[in-house]
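I opened this notebook to keep a record of what I looked up in the structure, entry by entry.

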Amino acid sequence: MRALAALATLTATGAIGVSAATYAATPRASLPTIERRVMCVTCKIPLNVAESTQADRERAFVRGLIADGDSEAQIERALVSQYGPSVLALPSAHGFDLSAYLAPLVAMLALAATLALLLPRWRRHARAQAAGRSAADATSTLTPADRARLEADLARFDG
Amino acid sequence: MPILVSLAGACLIGLLIYGVSTRSASRTLDEAVAQGMHPAAPQAKRALPVLAAAPRGGAGDPSATAGATGSLAAYRGRVVVLNFWASWCEACRAETALLERAQGRLAQHGGTVLGVTYLDASDDSQGFLREHRITYPNLHDTTGEFARAYGTDQLPESFVIDRSGDVAAISRGEIDQAFLDRAAKLAEGAS
């Protein structure tokens, strides 16, 4: 009997743990979060900065869904089903819209590849130039007579 | 290497041009109609959810039409004034009386006004239909693709579709009586 009671307690604790974990995994949707991800369809600006009758209607629509306990994903789906995909502030991750995410990535990779190829070339060029300069410096070394005259001139200027 | 960089740059510019051209409103229909041609009404067979004007819980409750769809193709053989609108559009509000009167005139000759709403929640659209006691049929373009096919980017916009399902006239902006008279004459002409 005691063993049965212990098993029941363990099962109940486990069930509470699982439901708590599930609840924690699906956080309650909030209006400010949704507002940042959604556009005012008439003003064409994010809902969180929009002030218009239509923006208020969209907020009321979202509030209603939050009150119904819908998740953020469900609310976004409901908004798209009413206003179309243009209601979302971020482009979708499929079709042509995917290029909005891929194009900057490809551009950055191309830039990195270009730099990786060109930097060693620039470095080699700079080194060659430096070597040329030091060779030129070596050839233009002053004679002791010229050096003495230069130092005398400098001393006269300082004096 | 410079060839590769140029190619990547050209690809990015091409992508930008493609993106801008596909997102901007097409005026192909306007150009064709201006040249006296009657292009086929685009996406006529696209099924769109039907909007019901009746109040919730009453006879003809919107829930009764939930899942019901309609299309422009269903009106083939009739003259249709296809009117794009939204509940937030003030000019749309102003032209409802004209459209409702036109509906009476068109219906005598088998024609109809067909409203299509987009960028608008169903409840708001239904509220608008109730408020203005609109009797002609209305559909909800939930994705905006049907409206885009007509180059619609400002509301209201109206198109006269003849009996063959071709675009006979276009009005971008608030309609006037002359535009509706033309549609009515088209309906009367062959009835």
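**Entry 1: contacts and conventions.** I count two residues as in contact if their C-beta atoms, placed from the backbone, lie within 7 Å. I am working on a predicted model, in which local features need pLDDT of at least 70 and side-chain atom pairs count only at pLDDT 80 or more, while totals for chains, interfaces and linings use all residues. Residues are numbered from 1 along each chain as its sequence is written, and chains are lettered from A and ligands numbered from 1 in the order in which they are written. For helices (H or I, at least four residues) and strands (E, at least two) I use DSSP runs, numbered from the N terminus.

**Entry 2: a loop residue.** I looked up L142(A), which lies in the loop between α5 (99-139) and α6 (144-158) of chain A. Leaving out residues up to four places away in sequence, L142(A) touches R147(A) and L150(A). Is L142(A) buried or exposed? A residue is buried if 20 or more other C-beta atoms lie within 10 Å of its own, exposed if 12 or fewer, and partly exposed in between; L142(A) has 11 such atoms within 10 Å and is therefore exposed. I also noted that the C-alpha atoms of L142(A) and P104(A), 38 residues apart along the chain, are separated by 56 Å.

**Entry 3: confidence in chain A.** I read pLDDT as the predictor's confidence in each residue, from 0 to 100. Chain A has a mean pLDDT of 81, and 81% of its residues reach 70 or more. Within chain A, confidence is lowest in helix α1 (residues 2-25), at a mean of 51, and highest in β1(A), at 95. Over residues 18-24 of chain A, pLDDT stays under 50, and the model has zero contacts beyond four places in sequence for them. Where pLDDT is low, the predicted coordinates should not be read in detail.

**Entry 4: helix α3 of chain A.** I found Q54(A), A55(A), E58(A) and V62(A) to be the buried residues of α3(A). They cover an arc of only 105° around the axis (taken from the directions from the helix axis to the C-beta atoms), which means that they sit on the same side of α3(A). These buried residues pack against α2 (31-37), β1 (39-40) and α4 (72-83) of chain A, whereas T53(A), A60(A), R63(A) and A67(A) are exposed on the other side of α3(A). Just after α3(A), G69(A) takes a positive phi of about 85°.

**Entry 5: the sheet of chain B.** I traced an open sheet of seven strands with mixed pairing, in the order β2-β1-β5-β4-β3-β6-β7 (chain B); two strands pair if DSSP finds at least two bridges between them. The edges are β2 (69-70) and β7 (167-172) of chain B, each with a single partner strand, so one side of each has no neighbour in the sheet. Strands β3 (residues 80-85) and β6 (residues 157-161) of chain B run antiparallel and are joined by five bridges, with V160(B) in β6(B) as the bridge partner of V81(B). β3(B) and β4(B) pair in the parallel sense over six bridges, and F84(B) stands opposite V116(B) in β4(B). Seven of the seven residues of β4(B) are buried, so β4(B) is largely enclosed by the rest of the structure.

**Entry 6: between the chains.** I noted that 16 residues of chain B are in contact with 19 residues of chain A. To the side of chain B that touches chain A, α1(B) gives the most, with six residues.
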